[in-house]
Amino acid sequence: MAFYFVQFLTGLASAASLFLVASGLSIIFGVTRIVNFAHGAFYMLGAYVAFTLTERFSGALGFWGGIVVAALVVAVVGVIVEMVLLRRIYHAPELFQLLATFGLTLMVEDLVVLIWGPDDLLGRRAPGFKGAVDFFGQNIPTYDLFLIAISPIVLGGLWLLFQRTRWGVLVRAATQDRDMVAALGVNQKWLFTSVFALGVFLAALGGALQIPRDAVHHALDLRIIVDVFVVVVIGGLGSIIGAFVAAVLVSELNAFGILIFPKISIILVFLVMAVVLIVRPWGLFGKPEAAARRTPGLSVNPWRPLTTNERWLAIAGLAVAAMLPLFAGNYALTVGSEIAIFVIFAASLHFLMSVGGLASFGHAAYFGLGAYGVAFLAKMAGLPMIVSLLVGPLLGLVGAAIFGFFAVQLSGVYFAMLTLAFAQIVWSIAFQWVTVTGGDNGILGVWPEKWAAGPASFYWLSLGIAAIAVAILRVIVFSPFGFALRATRDSLLRSEAIGINGKRVQWTAFVIAGTVAGFAGALFAYLKGSVFPDSLGISLSVDALVMVLLGGVETVSGAVVGAIVFKALNIWLVSQTDLSKLVLGGFVVLIVVAFPKGIVGVLETIRNRRKSSTSESSSKSSLATSRIETAE
Amino acid sequence: MSMVPTLLSVENLSKSYGGVHAVRSVSFALRAGEILALIGPNGAGKSTCFDMLNGQNIPDSGRINLLGEDTVGKKPRQVWRLGVGRTFQITATFPTMTVRENVQVALVSYGRQLFNLWGSTARYAREEAGRLLDLVGMGAYAGRPCGELAYGDLKRLELAIALANQPKLLLMDEPTAGMAPRERIELMRLTAQIAREKSIGVLFTEHDMDVVFEHADRILVLNRGSLIAEGTPEQVRGNPQVRAIYLGEGLVYDSRHREGAGA
């Protein structure tokens with residue numbers, strides 16, 4: 001009994017950091033509507049800065065002062081980030097904000113390694129809380145007791161701040177209707193900046209308080225952010241009480257999950273999250289989201305099928321790509337195959353995002369399922385390659401059918417988070433179910449048969465499948481189904497009022513995208529000769545998102561260009577510099593801020609402009625009519 | 001009168017939110033080709049009534065019979081399949097598509113081609129879409145992105161979309177809100193003309209009394225959720241209760257009184 005009680009207290013102590021970070025994220029989201037992916041990075045920075053300060057200054061004052069000063073220093077960094085970056089993208093779609101802050105996270109990951117080195121750092125123990133208390137023969141560290149006390153204190157402090165101060169009233173008002181608050185003459189800029197500073201302060205404090213308990217390392221950010229997403233989704237985005245309750249719930253699930261179901265401890269939390277989202281899509285303490293806004297100014301170039309000339313151009317491009325084996329070496333061909341595979345993957349996500357308006361943050365799940373499907377069939381069933389290649393991706397289809405059914409019940413940020421959670425579930429299964437998947441060691445020896453084994457033949461195979469996949473997706477975009485899907489994206493109200501079953505249409509699109517991603521994964525397994533849980537991981541999902549945005553989300557086939565540029569750049573960067581994440585992160589931030597339409601979107605806009613300017617100069621009358629049209 | 005079939009009959013429809021009775025035991029009927037206006041001050045329950053007819057809201061009690069079918073509990077898309085077109089108070093269209101494509105999507109749905117992955121939407125029912133657009137005077141705009149349209153044109157486009165399933169009943173929630181006075185008259189004249197030609201029943205809500213008294217065959221007056229009067233424009237205009245509660249005492253078009261009644 002005592003053991004369980006101690007386990008319960010350990011869970012409560014772990015909840016402290018989680019609550020601090022989650023409440024910060026929630027406060028920021030409530031007012032600015034930004035889901036700050038970089039919150040994990042601020043948490044990690046808090047830990048690193050606190051480590052340096054507490055090492056430099058000794059004594060109780062040095063330690064506790066160091067913790068608080070570290071949180072303040074990181075809050076200042078947060079203010080700079082808010083003023084320089086976020087102010088430019090407050091009116092961008094949520095997806096762009098998530099990506100920009102993810103870019104920041106990537107940059108911070110490399111920066112901390114550059115400053116503090118790649119090794120784990122062990123912090124000092126807290127003065128005054130070095131010992132342990134005996135509880136019926138079980139030891140409880142006194143620092144854990146301190147952490148248990150911290151959460152209610154912070155919760156109370158925040159409550160006082162929001163209920164009893166003028167600033168707090170403004171924040172609560174802005175959470176309900178920020179446009180109205182702005183209309184009442186409140187300086188919104190500084191309100192946002194101060195809220196962001198508070199949120200970052202809480203995150204950094206959460207990180208700093210962890211140093212006596214945990215080693216500081218450069219992967220802390222992703223570890224905490226996934227947990228924090230789960231917490232705010234369960235608790236309800238924007239609710240501080242929700243963050244508190246959910247932080248405790250998640251920490252206790254972790255603490256007891258390990259005891260009761262050691263095999264599926266990671267999954268347990270995600271299962272709870274999925275159940276909460278399905279029963280209460282806006283979280284336990286949250287409120288239903290207003291409809292996602294469309295970005296003003298980000299006008300869409302009208303979609304149309306390729307003209308005959310453009311079709312020939314595409315075929316010519318494909319022919320040139322097919323000639324690569326004539327003059328390129330084996331390494332270049334392997335890179336070429338990988339790029340072709342990622343074209344398929346990015347195109348599948350692009351279909352879901354641009355046509356369906358459904359930004360999946362866990363699309364790698366279906367890529368990875370396709371890869372594992374092939375590995376099972378080829379290694380365990382010993383099926384011939386062509387059969388595995390055709391049947392294996394169906395595992396992606398099955399996964400997309402199951403998860404997609406639940407995911408399409410939601411939209412916007414919650415859709416993104418639920419898909420992320422599902423991808424993590426699949427990842428956990430692949431990671432923990434060692435007897436079947438080999439766990440971290442993966443499944444090795446998935447080699448192509450002779451006819452496809454050479455780099456050139458495998459390249460042609462990948463290129464061929466990529467061309468077919470992109471062509472099929474394009475046909476679907478312009479098919480009646482594609483229009484039905486766009487209709488659900490443009491206006492759910494109207495599409496329902498003309499007899500469209502929006503959920504079923506979106507579910508179908510999810511299954512199509514998942515299946516195509518499965519084919520990409522299947523090829524990837526053969527390319528690498530192996531499958532690892534990485535091919536289901538978050539970073540692969542995010543890569544896909546970046547490729548789509550880079551190409552241009554509001555285009556028909558931007559993902560093709562995005563995938564080629566991103567993958568080539570990525571492979572080249574990794575070979576050229578150790579700071580590839582820094583460069584890549586900076587690149588992502590730059591795209592979001594400077595080219596939100598993506599490469600293809602910018603090209604289309606330039607072409608449209610040129611087209612209209614030539615027609616204007618050619619005849620005065622057409623100029624006059626176009627003027628009238630714009631005036632109407 | 002008995003020769004014209006009843007399209008829609010509503011019996012004892014009620015809906016309350018907490019302690020507020022938004023709609024109380026409302027009953028009425030609508031015949032084919034008839035234009036029926038539902039009026040009442042803000043908060044009278046017009047929109048709640050509308051949403052229940054369309055399937056967007058589920059009544060607490062009462063019956064809705066549409067063309068012989070009980071529609072309570074049916075979803076909007078199922079009601080649409082029975083032959084009901086709907087326009088919204090705030091227009092709902094597909095802004096990233098062209099005007100023609102907006103109508104084509106509705107036609108795709110009507111033709112049950114929603115899950116056709118292989119055809120070309122551009123060629124699907126192009127003539128039919130053009131005909132519907134011509135009907136509402138939007139033919140010249142067919143190729144324009146819908147997001148660029150002026151508000152009055154969006155209202156006309158919505159009418160074309162609503163006609164795509166060859167409806168027997170049109171539900172129009174404040175069809176002329178946000179339009180210039182001349183556009184209002186024109187749109188309602190057009191609607192009335194289409195309704196008479198195709199024998200479509202029209203139920204609409206409206207705040208503009210010029211529009212209501214000019215085009216409605218009959219008028220229903222709601223106040224605080226209850227039907228307080230029903231009849232021809234002349235009958236309603238002369239009803240002292242309506243004048244007192246809705247139009248205000250004294251001058252019929254005194255804006256001060258109307259706002260007072262609406263608050």
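This is a predicted model: local features need pLDDT of at least 70, side-chain atom pairs count only at pLDDT 80 or more; totals for chains, interfaces and linings use all residues.
Visitor: Where does Leu106(A) lie?
Guide: Leu106(A) lies in helix H4 of chain A, which covers residues 94-116.

Visitor: And what is Leu106(A) in contact with, leaving aside its neighbours within four places in sequence?
Guide: Leu106(A) is in contact with Lys581(A), Leu584(A), Gly585(A) and Val588(A). Val583(A) is 477 residues away from Leu106(A) in sequence, yet the two C-alpha atoms are 8.7 Å apart in space.

Visitor: Moving along chain A, what span should helix H17 have?
Guide: The 14 residues of H17(A), 394-407, should span 20 Å at 1.5 Å a residue, and the end C-alpha atoms are 19 Å apart, which agrees.

Visitor: Which residues of H17(A) are buried, and what covers them?
Guide: The buried residues are Leu395(A), Gly396(A), Leu397(A), Gly399(A), Ala400(A), Phe403(A), Gly404(A) and Ala407(A). Their cover includes helix H15 (364-381), helix H18 (412-432) and H24 of chain A.

Visitor: How many residues does H24(A) have, and how far does it reach?
Guide: H24(A) has 27 residues and reaches 39 Å from its first C-alpha to its last, close to the 39 Å expected at 1.5 Å a residue. H24(A) is also mostly covered, with 23 of its 27 residues buried, and the helix is followed by Gly529(A), whose phi is positive, near 75°.

Visitor: Now the two chains together: how many residues are in contact?
Guide: On one side there are 26 residues of chain A, and they are in contact with 33 residues of chain B. On the chain A side, the elements that give two or more residues are helix H21 (455-478), H22, helix H23 (492-497) and helix H24 (502-528).

Visitor: Which of those gives the most?
Guide: H22(A) gives the most to the side of chain A that touches chain B, with eight residues. By residue class, that side of chain A divides into 15 nonpolar, six polar and five charged.

Visitor: What about chain B, where do the buried residues of helix H3 pack?
Guide: The buried residues of H3(B) pack against helix H22 (480-490) of chain A, together with helix H4 (126-135) and helix H5 (151-162) of chain B. H3(B) is mostly covered, since eleven of its twelve residues are buried, including Val99(B), Arg100(B), Glu101(B) and Leu107(B). The helix, residues 99-110, reaches 17 Å from its first C-alpha to its last, close to the 16 Å expected at 1.5 Å a residue, and it is followed by Arg112(B), whose phi is positive, near 55°.

Visitor: Switching to the sheet of chain B, what is the strand order?
Guide: Six strands form an open sheet in the order E6-E7-E8-E3-E9-E10, with mixed pairing. The edge strands are E6 (84-87) and E10 (226-231) of chain B, each of which pairs on one side only, and the twist averages 15° from one strand to the next.

Visitor: Which helices sit on the sheet strands?
Guide: Helix H1 (46-54) of chain B packs on the sheet, touching E3, E6, E7, E8 and E9 of chain B, and its direction makes about 145° with that of E7(B). H5(B) lies across E6 and E7 of chain B, running at about 165° to E6(B).

Visitor: How many bridges join E6(B) to E7(B)?
Guide: Four bridges join E6(B) to E7(B), and these strands run parallel; Gly85(B) has Leu170(B) in E7(B) as its bridge partner. From E6(B), Val84(B) and Arg86(B) point one way while Gly85(B) and Thr87(B) point the other way, and all are buried.

Visitor: And E3(B) with E8(B), parallel or antiparallel?
Guide: E3(B), residues 35-39, and E8(B), residues 201-205, pair in the parallel sense over four bridges, with Ala37(B) opposite Phe204(B).

Visitor: Last one: how many helices and strands does chain B have, and how compact is it?
Guide: Chain B has ten helices and ten strands. The radius of gyration of chain B is 19 Å, close to the 18 Å that the globule rule gives for 263 residues, so chain B is as compact as a globular protein of that length. Of the 263 residues of chain B, 47% count as buried, and residues 24 or more positions apart account for 63% of the chain B contacts with a separation of 6 or more.

Definitions and conventions. Residues are numbered from 1 along each chain as its sequence is written. Chains are lettered from A and ligands numbered from 1 in the order in which they are written. The expected span of a helix is 1.5 Å times one less than its number of residues. A residue is buried if 20 or more other C-beta atoms lie within 10 Å of its own, exposed if 12 or fewer, and partly exposed in between; C-beta atoms are placed from the backbone. Two residues are in contact if their C-beta atoms, placed from the backbone, lie within 7 Å. Ala, Val, Leu, Ile, Met, Phe, Trp, Tyr, Cys and Pro count as nonpolar, Asp, Glu, Lys and Arg as charged, and the others, Gly among them, as polar. Two strands pair if DSSP finds at least two bridges between them. Axes are lines fitted to C-alpha atoms, for helices over the stretch in contact, and angles run from 0 to 180 degrees between N-to-C directions. The radius of gyration is taken over C-alpha atoms; the globule rule is 2.2 Å times the number of residues to the power 0.38.
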